[in-house]
Amino acid sequence: MKNHKNYFSYLILLVSFLLLFYVTYKSELYHQGEKRDYYLHYYYLSIILIFFSFLSFYLNKRIKTYIIICLVSSITAFYLFEIYYNYLIYKYTLNATNLETQKRNSIKYKNLTGKEYDKRSRLEIYKDFKKNKKNVTLSVGSMLHSIDLEKVLTFSGVSGYKTIMCNESGYYATYESDRYGFNNPDNQWNENNVDFILIGDSFVQGGCVNRPNDIASNLRKLNLTGLNLGIGGNGPLTNFAILREYNIQSKNIIWFFYEGNDLINLEREIKNKYLMNYLKDQNFNQNLKSKQKLINELILTTINDNIKEKIDKINYYEFFSKIIKLYQLRQFIFNSPKPEFEQILKLTKDFTLKNNSNLYFVYLPDFYTVKTNLKKGHYYKVKNIVNKLDIPFIDIHDEVFKKQAEPLKVFPFQQNGHYNEAGYQMISEGIFRIILK
């Protein structure tokens with residue numbers, strides 16, 4: 001009878017040991033001890049749970065009942081948060097904007113431009129463009145391809161194609177890609193010792209505005225030369241890899257860090273063993289510049305075989321897997337720079353010094369930072385690492401957005417997303433004033 005009353009204690013003890021075994025397996029066997037620092041807080045959590053499990057055997061029934069109620073309530077709240085947050089992410093990814101919000105935005109867009117808000121999905125606009133233009137593709141992030149017995153990790157897009165990005169301001173942004181699949185006028189690659197190279201994710205790429213309203217294009221309007229090597233979905237390690245693969249002589253290398261997801265992207269990147277070659281071997285290089293024809297074929301094949309059919313569908317396996325693992329909640333709690341972050345920045349600085357370039361770190365705020373004027377928990381940790389490496393740190397929120405009378409006007413319809421044309425222009429002017437003038 002006593003054992004029956006302790007079923008809760010036995011259950012917690014079992015779960016605690018299972019968590020400890022799983023963490024040990026992931027840390028010591030799967031990652032062979034290379035990610036021990038990352039799993040350290042999970043070790044602590046397991047040990048605390050084991051201690052609590054043993055302690056619970058000696059608690060009276062009333063206290064146990066209260067604890068069970070608190071645990072069940074907390075777990076329920078955690079999963080409700082996770083489900084809702086993942087739903088918002090997928091809704092945003094699929095452009096499934098709330099109909100009422102879209103209706104309001106459509107009216108605003110019509111009043112501002114006299115044009116109709118484009119309500120098509122990316123798949124629909126892709127198919128419509130393909131009817132009249134053969135060389136049309138979709139903007140994609142880095143992808144690992146297997147061909148014959150080799151692997152190719154692509155970081156750019158299809159070269160010389162009309163590339164479709166996203167719609168947040170009422171129209172689908174597109175650009176004609178350069179010889180390596182990036183968002184640049186192709187002649188920029190002919191320049192010697194350009195004024196700048198920009199690296200980063202979709203905010204650097206120009207999402208979701210047309211050229212010449214992206215950051216690089218705005219800088220070129222100021223009589224500067226330079227390259228935009230940004231691609232959506234990039235994290236710090238991919239940025240470093242792109243710089244190694246596509247670097248040309250440049251006076252300034254400007255690294256953009258988006259606080260909304262760059263650390264999350266890094267967590268994904270360090271799990272990619274092929275991508276990790278850039279961190280482990282400073283001589284590793286895929287010679288992607290000489291493989292653009294192959295890259296075009298690989299990306300177009302992937303789009304035709306997979307993306308075109310799935311672009312408007314949810315990956316339910318990934319969706320539920322993240323929910324079960326409380327992925328988004330863990331990012332909020334444990335979202336601190338991994339040791340690899342400092343290592344990547346140090347190697348980037350060494351790389352730029354060898355090339356006689358100046359390195360700058362530009363911190364981009366997300367919608368909620370601009371709205372609330374509050375710093376993220378990892379802001380000071382990131383800044384301390386950058387300062388420790390003696391890399392100039394430029395905070396766009398403090399230096400640019402915070403000084404505006406209505407800061408939220410840098411976002412489309414003052415809603416969460418990428419910056420709009422005005423936002424990118426303000427950033428460009430701030431970069432020019434602080435770095436390039």
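Me: Which cysteine does the disulfide join to Cys-166?
Reply: Cys-208. The model is predicted, and in it the S to S distance of this disulfide is 1.7 Å.

Me: How many disulfides does the structure hold?
Reply: One.

Me: Is the link of Cys-166 and Cys-208 left-handed or right-handed?
Reply: Left-handed, with -100 degrees about the S-S bond.

Me: Which residues are the closest to its centre?
Reply: Tyr-109, Thr-113, Ser-169, Tyr-171 and Glu-421, out of 13 residues that line the second largest pocket.

Me: And which elements give two or more residues to that lining?
Reply: Helix H5 (99–113) and helix H19 (421–436). The largest share of the lining, four residues, comes from H5.

Me: What is the lining like by class?
Reply: The lining of the second largest pocket has six nonpolar, four charged and three polar residues.

Me: Now the surface. Which residues make the nonpolar patch?
Reply: Leu-14, Phe-17, Leu-18, Phe-21 and Phe-54 make a nonpolar surface patch of about 510 Å².

Me: Where does the largest share of that patch come from?
Reply: From helix H2 (residues 7–30), which gives four residues. Leu-14 is found in that helix.

Key:
Residues are numbered from 1 along each chain as its sequence is written. This is a predicted model: local features need pLDDT of at least 70, side-chain atom pairs count only at pLDDT 80 or more; totals for chains, interfaces and linings use all residues. Side-chain values use heavy atoms; hydrogens and water are left out. Patches are made of residues with over 30% relative accessible area and no salt bridge: like charges are joined within 9 Å, nonpolar side chains (Val, Leu, Ile, Met, Phe, Trp, Tyr) within 5 Å. Accessible areas come from the Shrake-Rupley method with a 1.4 Å probe; for residues, only the protein chains shown count as cover. A salt bridge is a side-chain nitrogen of Lys or Arg within 4 Å of a carboxyl oxygen of Asp or Glu. On a 1 Å grid over the protein atoms alone, a cavity is a set of points where a 1.4 Å probe fits but cannot get out, and a pocket is an open set with protein on both sides within 12 Å along at least five of seven lines; lining residues have an atom within 4 Å of a point. Ala, Val, Leu, Ile, Met, Phe, Trp, Tyr, Cys and Pro count as nonpolar, Asp, Glu, Lys and Arg as charged, and the others, Gly among them, as polar. A disulfide is a pair of cysteine sulfur atoms within 2.5 Å.
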